[in-house]
Amino acid sequence: TKEKPPPVPKRGGKRMSFATERVRVAVRIRPLVAHEADQVPSVRCIDRGALEVTTPSAGGVSTIKKYDFDLCLGPSSTEDSVFEALGAKALLDRALRGIKATVFAYGATGSGKTHTILGHEREDFESLPVSPGTDLINDRDGLVARAVKYLYQTADSDLQIRASFFEVYCESIYDLLEPNATALPLREGQGGFFAPGLSELDCHSSDDVEAILREGRRSRRKASHKLNRDSSRSHALLVLRLSHGAARGRVTFVDLAGNERLKRSKDSDPRETGAINRSLQALGKVISILSRKEDQTEHVPYRDSTLTKLLMDSLGGDAATLMVACASPAAAHVDETLCTLGYARRARGIVNAPFATLVGADTNAERRQQERDRNEIERLRD
Ligand code: ADP
Ligand code: MG
């Protein structure tokens with residue numbers, strides 16, 4: 001019963017009612033890219049919070065479906081406008097006050113997840129957008145780089161950030177900041193799940209974090225070339241632990257694997273196909289169950305996969321969560337887009353109860369700090 005949403009944190013044995021909030025869901029429709037020049041767009045943002053998808057059906061009649069979200073960002077959105085419109089600043093302000101914040105990108109391979117979260121890949125020559133509005137030379141930073149700059153600009157001088165960057169691939173964890181890393185297991189401690197041995201680097205400026213980002217992306221590419229690990233089949237997580245005065249916040253960015261159904265081909269590794277499906281299937285299940293508000297007693301299968309263990313506090317837990325569902329506008333991808341929008345719509349029904357972690361402010365916070373210290377000792381012992 002520990003796994004039921006929303007959690008009701010206790011203070012001094014007395015139940016405290018914490019304000020709850022929904023997971024916010026934004027949809028970003030990327031521009032058509034070079035190889036799609038002949039495609040017709042099938043998705044149209046009709047206002048700030050609504051979009052329309054046109055599906056051709058048999059007999060030449062097309063159907064139009066309308067969807068409502070917290071925010072719809074169209075193909076001409078710049079990276080800067082995305083950062084502003086998502087309300088990232090408000091979320092980061094809360095992280096500086098001790099809240100755990102999670103931003104995750106969901107969508108098919110090629111829908112713009114990595115572009116949105118980690119930023120434009122320098123090596124990516126394929127992506128000259130067809131529609132105007134994007135300036136990939138001057139506007140290539142994704143949410144991570146913008147967030148980190150904002151954190152250092154906004155915080156008082158005593159902000160400390162510790163960063164880890166890793167991949168979840170075939171249910172195992174690979175440290176992207178440790179070259180030649182082998183798979184790390186996931187353990188459960190009092191503060192949630194953690195990977196003993198995962199590196200966590202001290203950062204003193206946004207340059208430090210950006211260096212980590214570059215280094216991690218390089219090892220992600222290397223792993224995909226050398227170890228034949230397809231990066232579109234892996235989930236990348238960048239975790240920033242913040243220490244800001246008495247506040248102990250956390251910001252997690254997740255670039256999920258492509259959610260498209262994998263066709264089992266002769267040469268695809270069945271181990272991989274199964275394992276990838278496991279994490280994303282578990283995520284889908286967790287989202288579906290949490291969004292069905294009527295039955296709060298239903299078991300939430302967080303423990304079915306590595307990914308859902310890691311996202312436990314972000315979905316139905318004590319973090320503030322923002323989902324960015326990414327989609328291509330191309331008619332050729334309309335089925336994938338509908339699938340993504342279906343999940344995104346369900347995710348809007350998830351309720352979280354964020355609370356701030358402060359040290360020294362009250363005995364309960366102290367108790368939590370002691371718990372964390374114990375975890376740290378346990379981690380070091382491991
Ligand atoms: P995913 O990570 O979902 O597989 P990517 O982020 O790699 O997708 O994007 C797929 C392609 O589309 C890349 O070539 C990327 O540079 C391009 N792209 C994605 N979003 C945008 C955008 N908003 N503007 C311009 N190009 C984009
Ligand atoms: Mg990607």
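**Strand β10 and its surroundings**

Tutor: β10 and β15 form an antiparallel pair, joined over 10 bridges. Keep in mind that this is a predicted model. In this pairing, F166 stands opposite L237 of β15.

β15 is one partner of β10. β14 also pairs with β10 in the antiparallel sense, over 3 bridges. Here I161 stands opposite C203 in β14. Then comes β11, which runs antiparallel to β10 and is joined to it by 4 bridges. In that pair, Y169 stands opposite S172 of β11.

β10 and β11 form a hairpin with 2 residues between the strands. Look at C170 in this hairpin: its phi is positive, near 50°.

Is β10 mostly covered or mostly open? It is mostly covered: of its 11 residues, 8 are buried. Across the protein chain of 382 residues, 40% are buried. In a regular strand, side chains alternate between the two faces of the sheet.

What covers its buried residues? The cover includes β10 (159-169), β11 (172-175), β14 (201-203) and β15 (235-244), along with helix α4 (143-154).

Check the length of α5.

Next, ask which residues of α5 are buried. They are V209, I212, L213, G216, R217, S219, R220 and A223. Seen down the helix axis, these buried residues fall within an arc of 165°, so they line one face of α5. The face turned away from the buried side carries the exposed residues D207, H225 and K226. After α5 comes N228, with a positive phi near 60°.

Step away from this region for a contrast. A separate line of the fold is an open sheet of 3 strands, in the order β5-β6-β7, with antiparallel pairing. Its edge strands are β5 (43-47) and β7 (62-68), and each pairs on one side only. Neighbouring strands in this sheet are turned by 25° against each other on average, with direction ignored. β5 and β6 (residues 50-56) pair over 4 bridges. One bridge links V43 with its partner V53 in β6. This sheet has a helix across it too: α8 (residues 334-347) lies across β5, β6 and β7, and runs at about 145° to β6.

The protein chain has 9 helices and 18 strands. Among its contacts with a separation of 6 or more, 72% are between residues 24 or more positions apart.

How far does confidence go? The chain averages a pLDDT of 85, and 81% of the residues score at least 70. The model scores ipTM 0.99 and pTM 0.87. Residues 1-17 are another matter: their pLDDT stays under 50. The model has 28 contacts beyond four places in sequence for residues 1-17. Where pLDDT is low, the predicted coordinates should not be read in detail.

Conventions
Residues are numbered from 1 along each chain as its sequence is written. Chains are lettered from A and ligands numbered from 1 in the order in which they are written. This is a predicted model: local features need pLDDT of at least 70, side-chain atom pairs count only at pLDDT 80 or more; totals for chains, interfaces and linings use all residues. pLDDT is the predictor's confidence in each residue, from 0 to 100. Two residues are in contact if their C-beta atoms, placed from the backbone, lie within 7 Å. Two strands pair if DSSP finds at least two bridges between them. Axes are lines fitted to C-alpha atoms, for helices over the stretch in contact, and angles run from 0 to 180 degrees between N-to-C directions. A residue is buried if 20 or more other C-beta atoms lie within 10 Å of its own, exposed if 12 or fewer, and partly exposed in between; C-beta atoms are placed from the backbone. The arc is that of the directions from the helix axis to the C-beta atoms.
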